[in-house]
Amino acid sequence: MTNVNGRFGIHGGQYIPETLMNAVIELEEAYNHYKDDPEFNRELTELFNEYAGRPSRLYYAAKMTKDLGGAKIYLKREDLNHTGAHKINNVLGQALLAKKMGKTRLIAETGAGQHGVATATAAALMGMECVVFMGEEDTIRQALNVYRMRLLGAEVVPVKSGTATLKDAVSEAMREWTSRIDDTHYCLGSVMGPHPFPTIVRDFQAVISREIKEQLKEKEDRLPDAVIACVGGGSNAIGSFYHFIGDESVRLIGCEAAGRGIDTFETAATINTGRLGIFHGMKSYFCQDEYGQIAPVYSISAGLDYPGIGPEHAHLHDIGRAQYVAITDDEAVNAFEYLAKTEGIIPAIESAHAVAYAMKIAPEMNKDQIIVITISGRGDKDCAAIARYRGEDIHE
Amino acid sequence: MSRIREAFAGGKAFIPFITCGDPNLDTTAAVVKACAENGADLIELGIPFSDSTAEGPVIQGANLRALKGGVTTDKIFDLVRNLRHEVTIPMVFMTYANVVFSYGAERFISTCREIGMDGLILPDLPFEEKEEFLDTCHKYGVDLISLIAPTSQNRIAMIAREAEGFVYVVSSLGVTGTRSEIKTDLASIVEVIRANTDVPCAIGFGISTPEQARKMAGIADGAIVGSAIIKILEKYGKDAPGHVGEYVKSMKDAVR
């Protein structure tokens, strides 16, 4: 649903320095060339299946379904992918594309570290150099992922500017890209930034909803009633929604990080508290003050701790096709513990935001209805932080 | 002819950049006056932005210090309103698209006109997106300045043909900040610009010494200096105006 200028309704666009314009134009041309190229798609499918472990399972959560007493709950297990999250889908696609374009170096931003780890992994696999920008605050919250990236051969640059979190990592990666374009591809981790990134990342993540549709058809011979995913920039959510956008009967629900609550300043719920703006290359909704200064945002989840949202989500919100709800830290932590105890699955704290909303609506739904929750990543990385949230003095 | 063109009418132009509110607005006012008195031909006033993605560490720091000090767009408009009683050379705002968009394009740009600002530089508004503000800028006679970068190549002619005010030629890849050497083939870029427009062009990014300024002004119609001035402000704080004035004088003498 992109138009030629990379717009989703009024959102999107290419609000970037002139220095980068030819780079994004070159990227768009290369992507348009390769996206329907049979050889490119064969290579990508092989990477997805043989390397990342796709298709990921659509698991019927019987105990959770019984316990909540309403809709049938399926979990789309992106946490079982190689590197432990959905991020690998996009990264394998972009790394393969970059390689075809003759690039030898990947740079990336990361929040929780999942996208950084995925990028470092793809770079190792394809023999490319890799530099990952990560907010200094996040390098402390996610120290294990920093080590994983280094182990994979990547350089991790702690970003100290601004709030030292995900938005600053994105800004720093953009700055780095303007200084070195010839051999470098900016492997953006979410459906955000300037066109063509929101489209490219969506297309590579759309494998999630394509599989959900096929798998549920096989298991239940029908469409789900609701698809629920967490939203920071929004890549696992758009991937989970994409092939259902035309199926009006399917409710699409994105779960934003409310942090300590949408009535506080310590929140990252963009749709619920932000307003229209222009930042990081796109027009979309952003948390900002009355003068357009980007607000410092907060969530227990480093992966959702971003003051904006991808332009396609902003559009789906505008036209009412998707609904965006806010989930607090407390609700997410409860869901994190609930899924671990009920199903023996420890979700990423990001994904726990989606689990939390399903826990709210499933009991009110009929037993013949179906909810699919995307478990976008695994929660091992979060265990120490959640233990600390509960008052236990655990360090990695 | 827009007032900006006048800045280039008397020979090569020297264009200082100042982040408003670093360290405070009174100092900014004194620095602007010192620049004008010491030969600046046009002044770029930066409205700070929380996430200045085109800036290097020096100007990023100035942005954050200014915001921390409580500077807002409205306070900067008041600053200019007062300055215009004394400072008559052309001045332009340099800020980011969201600062204008969030204030309301009509409200922001009409205020520019009212307080006597002559142009607007938005580094995150490339040619493809300038429609966002262009009509409003035309309505109020505020020039929307175009930037051309070392990577612009086949885009130079297209951008130059629609340029207004002056063309801002970005000297190097990367972000703002002083550089020991500028390697881009700027003469070739300027040649293409001049073949496509008679709007003057000035080179910025990386210039700090009188030698560099002389060289750049030799290639183009003027030189823009930001980070080197911010460093003087960082060093001397409220006592900076005199030092900035001396520096501007030495740079203007070099480009003359």
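Predicted model: local features only at pLDDT ≥ 70, side-chain atom pairs only at ≥ 80, totals over all residues.

Student: What secondary structure does chain B have, and how many residues are buried?

Tutor: Chain B has 12 helices and eight strands. Buried residues make up 58% of its 256 residues.

Student: How does the radius of gyration of chain B agree with that of a compact globule?

Tutor: You compare two values. A compact globule with 256 residues would have a radius of gyration near 18 Å, and chain B has 16 Å, which agrees. If you'd like to picture the box, the C-alpha atoms of chain B fill roughly 45 × 40 × 30 Å along the principal axes.

Student: Where does chain B touch chain A, and how many residues take part?

Tutor: The contact takes 32 residues from chain B and 27 residues from chain A. On the chain B side, helix H3 (57–68), helix H5 (97–103) and strand E5 (143–148) each supply at least two residues. H5(B) gives the most, with six residues. By type, that side of chain B divides into 16 nonpolar, 11 polar and five charged residues.

Student: On to chain A. Which domains does it have?

Tutor: The domain assignment gives domain 1 (8–48 + 87–201) and domain 2 (53–84 + 206–389) in chain A. Their C-alpha centres lie 22 Å apart. In the contact between them, 39 residues of domain 1 of chain A meet 38 residues of domain 2 of chain A. E2(A) gives the most to the domain 1 side, with five residues. That side holds 17 nonpolar, 18 polar and four charged residues.

Student: How do I read a sheet?

Tutor: The general idea is that strands of a sheet pair through backbone hydrogen bonds, either parallel or antiparallel. In chain A, four strands form an open sheet in the order E1-E2-E12-E11, with antiparallel pairing.

Student: Why is one side of E1 and of E11 left without a neighbour in the sheet?

Tutor: Strand E1 (7–8) and strand E11 (275–279) of chain A stand at the edges, each with a single partner strand, so one side of each has no neighbour in the sheet. Five bridges join E11(A) to strand E12 (residues 281–286) of chain A. You can find one by looking at Phe279(A), whose bridge partner in E12(A) is Met282(A).

Student: And a helix?

Tutor: An α-helix has 3.6 residues a turn, so residues three or four places apart point the same way. Now try helix H10 (residues 207–220) of chain A: at 1.5 Å a residue, its 14 residues should span 20 Å, and its end C-alpha atoms are 19 Å apart, which agrees. Its buried residues include Val207(A), Ile208(A) and Ile212(A). After H10(A) comes Asp221(A), with a positive phi near 55°.

Student: Which residues does a cis peptide bond join?

Tutor: One cis bond joins Arg54(A) and Pro55(A), with omega about -10°. Pro55(A) lies in the loop between helix H2 (38–52) and strand E3 (58–60) of chain A. Another cis bond joins His195(A) and Pro196(A), with omega about 10°.

Terms used
Residues numbered from 1 in each chain as written. Chains lettered and ligands numbered in written order. Pairing = 2+ DSSP bridges. Contact = placed C-beta atoms within 7 Å. Nonpolar A, V, L, I, M, F, W, Y, C, P; charged D, E, K, R; others polar. Rg over C-alpha atoms; globule rule 2.2 N^0.38 Å. Buried ≥ 20, exposed ≤ 12 C-beta atoms within 10 Å, placed from the backbone. Domains from an automatic or database assignment. Expected span 1.5 Å × (residues − 1).
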